[in-house]
Amino acid sequence: WYGVSIEDGHIVGLNLRSNYVRGTIPTSFSNLKHLRTLDLNGYYYSNNFSTADLNNLSGLEKLEYLDLSYNSIQTNIPDSWGNLTNLKTLLLNYNSVTGALPTTLKNLTSLKTIEFNSNRISNVDKSLGDLPLTGINFNYQTITQDEIEISSNEINIDLPLHMVMKRTNNIISFDGIYQFTLFVNGNSKTNALSTKDGKLIIPNVSNLNIKTTDKISIQVNEGL
């Protein structure tokens with residue numbers, strides 16, 4: 001079968017990348033107890049998996065590689081993914097994943113690569129830095145600021161941890177200095193660098209003509 005890898009009578013790999021697969025992930029999917037590789041990279045934004053769909057992957061205890069990029073996912077990552085303790089590669093690029101990554105991901109002690117490029121992650125737990133990660137990508141995260149602090153003609157934003165993650169000699173810290181773009185009602189207004197203590201300070205706010213009803217968001221343009 002195309003895209004299906006079998007060993008000793010068991011399905012160990014499913015590669016359905018860019019196959020216009022539609023629909024939900026059934027609960028019976030967790031019966032694939034020997035599955036090590038699952039590639040559902042949509043490429044053409046072919047799905048909108050729900051939290052229930054993602055939960056149905058948590059029983060794949062031998063899974064080592066998971067790619068759900070380009071699937072228009074607009075929900076949070078479930079706590080149950082902490083059960084995927086053999087996972088080495090986790091790819092969810094180009095979705096709209098929301099919320100904070102669950103603290104249960106600290107259980108993924110085999111995880112080497114994690115990529116959430118172009119999503120809407122609100123935060124991560126510091127325990128993520130304790131994992132043996134050699135590949136990290138949280139570029140182009142966009143988060144909406146419900147409240148901002150404006151004082152002395154400056155905007156001060158406390159940045160979420162994943163936006164200031166830094167890797168030096170495979171050691172993760174949270175003091176990276178990166179470039180950010182400030183958007184007002186979806187329009188790019190200005191760029192600024194974060195500070196070493198995890199803040200984004202944008203000067204000369206009066207020149208931006210921001211109103212209390214405006215929708216403010218920031219996007220990190222580089223980083224891990």
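Strands here are DSSP runs of E, at least two residues, and helices are runs of H or I, at least four residues, each numbered from the N terminus.

What you have on screen is a predicted model, in which local features need pLDDT of at least 70 and side-chain atom pairs count only at pLDDT 80 or more, while totals for chains, interfaces and linings use all residues. Residues are numbered from 1 along each chain as its sequence is written, and side-chain values use heavy atoms, with hydrogens and water left out.

Confidence next. The mean pLDDT (the predictor's confidence in each residue, from 0 to 100) is 90 for the protein chain, and 95% of the residues reach 70 or more. Strand 11, residues 149–151, has the lowest confidence, at a mean of 68, and strand 5, residues 89–91, the highest, at 98. Where pLDDT is low, predicted coordinates should not be read in detail.

The chain has one helix and 18 strands. Its C-alpha trace spans about 70 × 35 × 25 Å along the principal axes.

Back to strand 18, residues 216–220. Five of its five residues are buried, meaning under 20% relative accessible area with a 1.4 Å probe, protein chains only. Both faces are covered, with I216, I218 and V220 on one side and S217 and Q219 on the other.

Now the voids. On a 1 Å grid over the protein atoms alone, a cavity is a set of points where a 1.4 Å probe fits but cannot get out; a pocket is an open set with protein on both sides within 12 Å along at least five of seven lines; lining residues have an atom within 4 Å of a point. Volume is the space filled by probe spheres set on the points, joined across faces, edges and corners.

The largest pocket has a volume of about 150 Å³. It is lined by 19 residues, of which V21, I25, L40, N47 and F49 are the closest to its centre.

There is one cavity of 30 Å³ or more. The largest cavity holds about 60 Å³ of space, and its lining includes L101, P102, V124 and D125.

Definitions and conventions:
Buried means under 20% relative accessible area, exposed over 50%, partly exposed in between (1.4 Å probe, protein chains only).
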